[in-house]
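Q: I have a new model open. Where do I start reading?

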Amino acid sequence: MSGDGLDAFDSLSADKRIDDSANYQWRVASRPVGNVVPSDFQWTVTDIPEPGAGEVLLRTHYLGLAPVMRFYMQGTGAAGERALEPGDVIHGRGVAQIVKSRHPDWQEGEMVQGQLAGRPTRFPG
């Protein structure tokens, strides 16, 4: 591991390939004790969900993982949001494109930004 300790995280993405055939997610594998370590994260591949009524399906183009996520992963909510449990999808602020819409106010092809995670998203009307 290098002096900054980040080399250990390179292995998390070394063999990962992303395409449009599946839903790719980073999940909480275990609660961090102190700083996060690679074993605190779990890579999962699931079927692409169909959006329900009033929901849209997004293709994420950018997802930021802020340092505050460690507190959510440790079980401490911040800024009034609920803490993450082991198995939960890690979310963050991001930019995405609507690829399927079952919401009358949101059209396929539109770009959106906000709190994103790997599941169908319900937008307010």
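A: Start with how elements are called. Helices and strands are DSSP runs, numbered from the N terminus. This is a predicted model. Arg-27 lies in strand 1, residues 23-28.

Q: How many helices and strands does the protein have, and in what order do the elements run?

A: The protein has two helices and six strands. From the N terminus on, the order is α-β-β-β-α-β-β-β.

Q: How do I read the contacts by sequence separation?

A: Contact means heavy atoms within 4.5 Å. Take the contacts with a separation of 6 or more: 57% of them join residues 24 or more positions apart.

Q: Is Arg-27 buried or exposed?

A: Buried means under 20% relative accessible area. Arg-27 is buried. Across the protein, buried residues make up 32% of the 125 residues.

Q: Which side chain of opposite charge is nearest to Arg-27?

A: A salt bridge needs a side-chain nitrogen of Lys or Arg within 4 Å of a carboxyl oxygen of Asp or Glu. For Arg-27, the nearest side chain of opposite charge is Asp-88, 5.9 Å away. Arg-27 has no salt bridge.

Q: What does the side chain of Arg-27 reach?

A: The backbone oxygen of Gly-87, at 2.5 Å. Not counting residues up to four places away in sequence, Arg-27 also touches others, including Asp-40, Phe-41, Val-89 and Ile-90.

Q: Now the surface. Which residues make the nonpolar patch?

A: Tyr-62, Val-95 and Met-111 make a nonpolar surface patch of about 300 Å². Val-95 belongs to strand 4, residues 92-101. Val-95 counts as partly exposed because its relative accessibility is 32%.

Notes. Residues numbered from 1 in each chain as written. Predicted model: local features only at pLDDT ≥ 70, side-chain atom pairs only at ≥ 80, totals over all residues. Heavy atoms only, no water. Helix = DSSP H or I, 4+ residues; strand = E, 2+ residues; numbered from the N terminus. Buried < 20%, exposed > 50% of the residue type's maximum accessible area, 1.4 Å probe, protein only. Lys, Arg positive; Asp, Glu negative; His and termini not counted. Polar contact = N/O pair within 3.5 Å; in protein donor to acceptor, adjacent residues only side chain to side chain. Patch = residues over 30% accessible without salt bridge, like charges linked within 9 Å, V, L, I, M, F, W, Y side chains within 5 Å. Areas by Shrake-Rupley, 256 points an atom, 1.4 Å probe, with all protein chains shown as cover.
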